[in-house]
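Reader: I would like to go through this structure by question and answer. Please begin with whatever term is needed for the points that follow.

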Amino acid sequence: MNDKQHTIKAPVTVRGIGLHTGVEATMTFCPAPVGHGYKFQRVDMPGQPIVDADVDNVVDLSRGTTIEQNGARINTVEHTLAALVGMQLDNVLIQLSGPEPPIMDGSSAEFIKALETVGLQEQNALRNYYEIPESIRYVDNARGVEIAALPLSDYRLTVMVDYNSPVLGSQHATLTDIGLFGEEIASSRTFCFLHELEMLYKNNLIRGGDLSNAIVVVDRVVTDEELNDLAKMLGKPRVSVKKEGILNNVDLRHKNEPARHKLLDLVGDLALVGRPLKGQILAARPGHAANVAFAKRIKKKMLEARSNPVPVYDMNREPVMDINRIMQVLPHRYPFLLIDKIIHLDDQMVTSVKNVTMNEPFFQGHFPGNPVMPGVLQVEAMAQTGGILVMNTVPDPENYWQYFLGIENCRFRKKVLPGDTILFHCQLLAPIKRGIAKMRGQAFVNGKVVMDAEMSAAIVRKDA
């Protein structure tokens, strides 16, 4: 998985009709800055309103995921978002000249082909992963749906479906590496059963549906008269069914193409949490309603972690920054460089590690018979951690100084002793303005807060 954020190198456009609205639209993927995320823009509406790809903006789940914000609605976003996640893109503006992205061939493949023609652009910021900290579950007993997210230092998904159909039966699909999405999942097309087709049509859905962009599964004997009626409904001279039970003899791209498409939908719907995920996702009989309900649970956990962060340190994982990289950003040196590594860094938060040993030079003179890490040095270590965060907001940190300006509401909760490992966690309290940053900092030992404070710092160019 990528460590850095990515956008695309240049705009790229696709055209087609929407699956449910039947409205022809042009959709242009545009580069976007660090921290932008995924946003849609209705360029056909007055003021060209923006719609954030956010689970809180979901307003309809009728055979697709629809979002709405600022008076603008975007239908059936899941295939588009799945393509962006599968490409491991972080920041893209999707300009749309209609109410729904083009359905193309019913999969995400055409979107990925278009994005690959312009290529990816690495950006000067780390990806803001949300790592599943503990089991998160969603169960709908009435529909037999169960979805679970488990901790994992990667993003893997497994989908199991059982359609109680002699044609499809039970299927499962697995994606062990998000980097393989384009190869293994993206080409899997949307589908429905014959008995659903007329209901969808009567409810003013699938107006852009066509046998070239959707698979229709025929799970019962169909008379010639019914086939003629279907042909009229779909605007075709004729339709037919072969033994495998797929309308108009469409060949499946994979034996388990329906299960793979359900996985594709799940990837797209979970993109609405707003951050790339690390975790193992297991889903039995998922659908858009369950996917979105589950995404809301993940986002709730994510927001709780932001408001009350308790960082976790996995010694087996590579750090975001080792001591050599830290020394390229901070001017401090031994014996005053007080952090050892950075294990998390994004545009809002940073977490560092300090291993406190008996060999620290300050223990020689600070309570030699009762060694306790001085509180003032804990503050300094936290300030250095915050320095990494604010320096991450400028494109060339080697050309700047970061100065500690002030500290408020500082409290020392517990003693820090030799042998302790301290995790310093700093989070911006507001956007940086005129080079001034204000942060809330906490220090943790064994998951317990040992010190907290609010700090302010300034970023100053070296040639100023």
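Author: A residue counts as buried under 20% relative accessible area, as exposed over 50%, and as partly exposed in between. The model is a predicted one.

Reader: Is His 288 buried or exposed?
Author: UniProt, in an unreviewed entry, places the feature "active site" at His 288 and His 366. His 288 lies in helix α7, residues 288-307. Its relative accessible area is 12%, so His 288 is buried.

Reader: Which residue has a side chain joined to that of His 288 by a polar contact of 2.8 Å?
Author: Leaving aside neighbours within four places in sequence, His 288 is in contact with several residues, including Leu 61, Arg 63, Glu 78, Asp 265 and Asp 269. The polar contact of 2.8 Å between side chains joins His 288 to Asp 269.

Reader: Where is His 366 found, and what is its relative accessible area?
Author: His 366 sits in the loop between β20 (349-355) and α9 (375-391). Beyond its neighbours within four places in sequence, His 366 is in contact with Pro 371, Val 372, Met 373 and Pro 374. His 366 counts as partly exposed because its relative accessible area is 24%.

Reader: How many salt bridges does a search of the whole structure find?
Author: Side chains of opposite charge can pair when their charged atoms come close. One network of salt bridges links Asp 54, Asp 56 and Lys 299. For the whole structure, the search finds 18.

Reader: How many residues apart are Arg 127 and Asp 90?
Author: Arg 127 and Asp 90 form a salt bridge, with the closest N and O atoms 2.7 Å apart. This pair links distant parts of the chain: Arg 127 is in the loop between β10 (120-126) and β11 (130-131), Asp 90 in the loop between α1 (78-86) and β9 (92-96), and they are 37 residues apart.

Reader: Is Lys 354 buried or exposed?
Author: Lys 354 and Glu 360 meet through their side chains in a salt bridge of 3.0 Å, N to O. Glu 360 has 10% relative accessibility and so counts as buried. With a relative accessible area of 4%, Lys 354 is buried.

Reader: What is the relative accessible area of Arg 156?
Author: Arg 156 forms a salt bridge with Asp 154, the closest N and O atoms being 4.0 Å apart. Asp 154 counts as buried at 18% relative accessibility. Arg 156 is partly exposed, and its relative accessible area is 32%.

Reader: Which strands stand at the edges of the five-stranded sheet?
Author: The sheet is open, with mixed pairing and the order β2-β3-β9-β4-β5. A strand at an edge has a single partner, so one side is left without a neighbour in the sheet; this applies to β2 (12-17) and β5 (50-52).

Reader: In β5, what is the bridge partner of Lys 39?
Author: Strand β4 (residues 38-42) and β5 run antiparallel and are joined by three bridges. The partner of Lys 39 in β5 is Asp 52.

Reader: What angle does the direction of helix α2 make with that of β2?
Author: Helix α1 packs on the sheet, touching β3 (24-31), β4 and β9, and its direction makes about 140° with that of β4. Helix α2 (residues 109-118) also packs on the sheet, touching β2 and β3. The angle between the directions of α2 and β2 is about 160°.

Technical notes
Residues are numbered from 1 along each chain as its sequence is written. This is a predicted model: local features need pLDDT of at least 70, side-chain atom pairs count only at pLDDT 80 or more; totals for chains, interfaces and linings use all residues. Side-chain values use heavy atoms; hydrogens and water are left out. Helices (H or I, at least four residues) and strands (E, at least two) are DSSP runs, numbered from the N terminus. Buried means under 20% relative accessible area, exposed over 50%, partly exposed in between (1.4 Å probe, protein chains only). Two strands pair if DSSP finds at least two bridges between them. Contact means heavy atoms within 4.5 Å. Axes are lines fitted to C-alpha atoms, for helices over the stretch in contact, and angles run from 0 to 180 degrees between N-to-C directions. UniProt positions are given in the numbering used here, feature names are shortened, and annotations may be inferred rather than shown by experiment. A polar contact is a pair of N or O atoms within 3.5 Å; within protein, one must be able to donate a hydrogen and the other to accept it, and residues adjacent in sequence count only if both atoms are side-chain atoms.
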